[in-house]
Amino acid sequence: MVKKNFKGTALVTGAAKRIGKAIASFLAAEGYQIAAHYNHSEKDAQAVVKDIRKKGVACELFQCDLGSQEDTALLVQRVHAKFPDLNLLINSASIFEKSKFKIRDLDLFNDHFAINLKAPFILSSEFRKFCKRGQIINLLDTDIVKNQTTHIAYLLTKKSLADMTKLAAIEFAPHIRVNGIAPGLILPPAGKPTAYLDQRAKRIPLQRKGDVHYITQSVKFLLDHDFLTGQIIFNDGGEHLVP
Ligand SMILES: NC(=O)c1ccc[n+]([C@@H]2O[C@H](COP(=O)([O-])OP(=O)(O)OC[C@H]3O[C@@H](n4cnc5c(N)ncnc54)[C@H](OP(=O)(O)O)[C@@H]3O)[C@@H](O)[C@H]2O)c1
């Protein structure tokens, strides 16, 4: 039986935790079936599926190491076989490690490029091949407009993903819209307490940290706004405006 507000199926990468999980739960409430991708966090991913199914929404798990080009190339096809109405791709999975402009950090460079940039590239092109119509939203970072060098490989991938968002918006038009969300202080990085964000928030224009519901608000805006493509929403309390 097709539900009244049925909108299709969303593949959300990194859906087991944090922002990806919040987006998956939000989309389930919005009328999307969910293809929830995870890599290592199987237990958390199973909890997400249980929660979404409890709401009467179809949800399936898809494990994939996005660092593997071969496995990543099959992910959209696997999802499409189960959900032929796949029409939304959220590229949220990512790694975020410190790295310097040094040869000794080349492994980190390669890992960041594989997971944060090459994987969204592969998934987006496969999405276009299998889905023909729909939307793609890439999770970027408010720091894409700055040049801090503490996480150089990470920052390069997010700057490139922002450009890729615009290039894909042109390439995939008119039937697929491609947009980006650049979060600021939403959740503390692994191992850091919430107080870390409170401290940093003092330096940004709105002087407070964000929350995952701001990200899902932006997702909704992009999904609903049928005339937007190639846009990047800075979801960051104005952080991108200040050094
Ligand atoms: N948190 C923030 O405030 C913030 C700020 C700026 C930008 N962002 C961006 O917003 C997005 C979501 O942020 P987040 O903090 O929720 O992300 P996160 O917790 O750092 O990572 C999300 C997921 O990425 C998955 N992942 C990592 N390596 C992978 C691999 N090799 N293959 C497949 N999946 C892999 C992990 O899945 P498993 O756990 O299943 O292994 C992880 O749960 C990211 O793109 C991030 O760069 C977030």
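## A tour around the ligand

Start by selecting Ile19: a polar atom of its backbone is 3.0 Å from an oxygen atom of the ligand. Keep in mind as you go that this is a predicted model.

Now click on Tyr154 and show its side chain. An N or O atom there is 3.0 Å from an oxygen atom of the ligand. How much of the ligand does the protein bury? On its own the ligand exposes 890 Å², and 87% of that is buried by the protein.

Time to bring up the whole shell. Select the 26 residues around the ligand; those that come nearest are Arg18, Asn39, Ser41, Leu66 and Ser92. Colour the shell by class and you'll get 13 nonpolar residues, nine polar ones and four charged ones.

Where is the ligand? You'll find the ligand sitting in the largest pocket. Switch to the cartoon and look for α1 (18-30), β2 (32-38) and α5 (152-172), the elements that each give two or more residues to the shell around the ligand.

Hide the ligand for a moment and look at the space itself. The largest pocket holds about 1600 Å³. It is lined by 46 residues, and the closest to its centre are Arg18, Ser94, Ile95, Phe96 and Tyr154. Which elements give two or more residues to this lining? They are α1, β2, α5 and α6 (194-201). Colour the lining by class as well: 21 residues are nonpolar, 14 polar and eleven charged.

Arg18 belongs to helix α1. Check its backbone angles too: phi is positive, at about 50°, although Arg18 is not a glycine.

For the last stop, follow the chain to the loop between α5 and β6 (176-183), where you'll find Pro174. Zoom in on the bond that joins Ala173 and Pro174. Is that peptide bond cis or trans? It's cis, with omega at about 5°.

Methods:
Residues are numbered from 1 along each chain as its sequence is written. This is a predicted model: local features need pLDDT of at least 70, side-chain atom pairs count only at pLDDT 80 or more; totals for chains, interfaces and linings use all residues. Side-chain values use heavy atoms; hydrogens and water are left out. A residue is near a molecule or strand if one of its heavy atoms lies within 4 Å of it. A polar contact is a pair of N or O atoms within 3.5 Å; within protein, one must be able to donate a hydrogen and the other to accept it, and residues adjacent in sequence count only if both atoms are side-chain atoms. Accessible areas come from the Shrake-Rupley method with a 1.4 Å probe; for residues, only the protein chains shown count as cover. On a 1 Å grid over the protein atoms alone, a cavity is a set of points where a 1.4 Å probe fits but cannot get out, and a pocket is an open set with protein on both sides within 12 Å along at least five of seven lines; lining residues have an atom within 4 Å of a point. A molecule sits in a cavity or pocket if more than half of its atoms lie within 2 Å of its grid points. Helices (H or I, at least four residues) and strands (E, at least two) are DSSP runs, numbered from the N terminus. Ala, Val, Leu, Ile, Met, Phe, Trp, Tyr, Cys and Pro count as nonpolar, Asp, Glu, Lys and Arg as charged, and the others, Gly among them, as polar. Grid points are joined across faces, edges and corners, and a volume is the space filled by probe spheres set on the points.
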